[in-house]
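Subject: Handing over the structure

Hi,

Here is the structure I promised to pass on. Please have a look at it before you read my notes below.

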Amino acid sequence: MSKARTPEQEQETREALFLVSARAFLRDGYEATSMKMLAAEAGCTTGKFYSNFSGKQEILSELLSVLFEKNYEEAVKLSAKKDSFFGALAFLDMILQGGALYENLLGIYREGLALHETRTIAEAYLAKLLSASEEREAKLRIRVAVGAIPDYLKQCSEWEYEALEKLYLTMLGTMLGRSEEEAAMYAELLIKDARPVREKAYDGIVKLLQGRKKKNVKKM
């Protein structure tokens, strides 16, 4: 008779499966990766994957939660340098930058932000940055701004990122309630900080790819 697994062991298995999946999505692309491929890489059955995740979308949503949290942490630091609006715009810019700089992250953000629950997570971080969680108009503006990101990501695969960055940041700034002139000023300031913001925001990606050695989940 097999020995009953503890909740801690179950959680360790789930985390190991998530890490395998995150690496595969970032390395090979979300659309190109199937549950069968993930199971093969983890050294387990697809059944084990499905006993921990309902499917690829749930894993994708969790991966974006990790990325959004990292982006939020860096945006808070930028808020302290100027103001909360600067931090909020930085949060959105880090999504734009990630999609422009990492081919597979482009698909991850585009597919992930098409999911209602994932958009809600991004909206919640923006609301925290703007201290707007209870303001109905502000929440609507935030929803519109986050909803515009997938359209941008479609464009940035066809056009030069640098040519669109200021335009889209200005557009997003106006969606969040600033005048076009003020939003353009913030966008220009943010673009000057693009390199350090980008490096800090995507340290998490490198850590995911270089993390601890893969375990054979079949034995877990």
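Does Gly99 count as buried or exposed? At 3% relative accessibility, Gly99 counts as buried (buried means under 20% relative accessible area, exposed over 50%, and partly exposed in between, with a 1.4 Å probe and protein chains only).

A word on the source. This is a predicted model, in which local features need pLDDT of at least 70 and side-chain atom pairs count only at pLDDT 80 or more, while totals for chains, interfaces and linings use all residues. Residues are numbered from 1 along each chain as its sequence is written, and side-chain values use heavy atoms, with hydrogens and water left out.

The overall picture

The chain has twelve helices and zero strands (helices are DSSP runs of H or I with at least four residues, strands are runs of E with at least two, and both are numbered from the N terminus). Of the 220 residues in the chain, 47% are buried. Among contacts in the chain with a separation of 6 or more, 72% are accounted for by residues 24 or more positions apart; contact here means heavy atoms within 4.5 Å.

Helix H1 and its partner H4

H1 covers residues 7–28. With 22 residues, H1 reaches 31 Å from its first C-alpha to its last, close to the 32 Å expected at 1.5 Å a residue (the expected span is 1.5 Å times one less than the number of residues). Just after H1, Gly29 takes a positive phi of about 100°.

Within H1, Val20 is buried, with a relative accessible area of 4%. The C-alpha atoms of Val20 and Leu38 are separated by 7.1 Å, and the two are 18 residues apart along the chain.

H1 packs with H4 (residues 56–81) at an angle of about 85°, their axes being 10 Å apart. Axes are lines fitted to C-alpha atoms, for helices over the stretch in contact, and angles run from 0 to 180 degrees between N-to-C directions. That angle makes H1 roughly perpendicular to H4 (65 to 115 degrees counts as roughly perpendicular, under 35 as roughly parallel, over 145 as roughly antiparallel and the rest as oblique). On the H1 side the contact is made by Arg14, Phe18, Ser21, Ala22 and Phe25, and on the H4 side by Lys56, Glu58, Ile59, Leu60, Glu62, Leu63 and Val66. These residues divide into seven nonpolar, one polar and four charged. For these classes, Ala, Val, Leu, Ile, Met, Phe, Trp, Tyr, Cys and Pro count as nonpolar, Asp, Glu, Lys and Arg as charged, and the others, Gly among them, as polar.

H4 also meets H6

H4 and H6 (residues 103–112) pack at an angle of about 105°, with their axes 10 Å apart. That makes H4 roughly perpendicular to H6. Here Leu60, Leu63, Leu64, Leu67, Phe68 and Asn71 of H4 meet Leu105, Ile108, Tyr109, Glu111 and Gly112 of H6. The contact residues are eight nonpolar, two polar and one charged.

H5 and H10

Helix H5 (residues 84–101) packs with helix H10 (residues 180–192) at an angle of about 65°, with axes 10 Å apart. The contact is made by Phe85, Phe86, Leu89, Ala90 and Asp93 of H5 and by Tyr186, Ala187, Leu189 and Leu190 of H10. Its residues divide into eight nonpolar, no polar and one charged.

Gly99 and Pro150 are 51 residues apart in sequence, and their C-alpha atoms are 9.7 Å apart in space.

H7 (residues 116–130) has 15 residues, which should span 21 Å at 1.5 Å a residue; its end C-alpha atoms are 21 Å apart, which agrees. Buried in H7 are Thr118, Ala122, Glu123, Tyr125, Leu126, Ala127 and Leu129. Leu130, also in H7, is partly exposed, with a relative accessible area of 23%. Leaving aside neighbours within four places in sequence, Leu130 is in contact with Ser84, Phe85, Ala88, Ile142 and Leu176. Just after H7, Ser131 takes a positive phi of about 50°.

In H9 (residues 161–175) sits Thr170, which is buried at a relative accessible area of 11%. Not counting residues up to four places away in sequence, Thr170 touches Glu180, Ala183, Ala184 and Ala187.

Enjoy exploring!

Best wishes
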